[in-house]
Amino acid sequence: MYRRIGFSDQEKQNIINSIVAILQEKGFKISNEDVAQIEKIVDSKLLEKGQW
């Protein structure tokens, strides 16, 4: 199976935007601080996956 190690900034932003949109659809109020936390989590998970 092929696994790509890196994601472009646009791909990461698309992931973050999707997460925020899903949470907002479920009724969550997302602040700028929440988005920053989501970005950190996404970055850490993508780095984790890249270390395989």
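**A helix pair, a core and a salt bridge**

D43 turns out to be partly exposed, with a relative accessible area of 33%. Here buried stands for under 20% relative accessible area and exposed for over 50%, with partly exposed in between (1.4 Å probe, protein chains only). The model is a predicted one, so local features need pLDDT of at least 70 and side-chain atom pairs count only at pLDDT 80 or more, while totals for chains, interfaces and linings use all residues. Residues are numbered from 1 along each chain as its sequence is written, and side-chain values use heavy atoms, leaving out hydrogens and water.

D43 has a partner: its side chain meets that of K12 in a salt bridge, at 3.8 Å from N to O. The term covers a side-chain nitrogen of Lys or Arg within 4 Å of a carboxyl oxygen of Asp or Glu. This pair ties together distant parts of the chain, with D43 in helix α2 and K12 in helix α1, 31 residues apart. K12 is partly exposed too, at 23% relative accessibility. The structure holds one salt bridge.

As for the fold, the chain has two helices and zero strands, taken as DSSP runs (helices H or I, at least four residues; strands E, at least two) and numbered from the N terminus. Helix α1 runs to 17 residues and reaches 24 Å from its first C-alpha to its last, close to the 24 Å expected at 1.5 Å a residue; the expected span is 1.5 Å times one less than the number of residues. After α1 comes G27, which has a positive phi near 100 degrees.

The largest nonpolar core is made of five residues: I16, V20, I38, V42 and L46. Such a core is a set of buried Ala, Val, Leu, Ile, Met, Phe, Trp, Tyr and Cys residues joined through side-chain atoms within 4.5 Å. Both α1 (9–25) and α2 (32–50) give two or more residues to this core, with α2 giving the most, three. Setting aside residues up to four places away in sequence, I38 touches I16, I19, V20 and L23 (contact: heavy atoms within 4.5 Å).

K40 also sits in helix α2, but counts as exposed at 62% relative accessibility. Its C-alpha is 9.9 Å from that of I16, 24 residues apart along the chain. Overall, buried residues make up 10% of the 52 in the chain.
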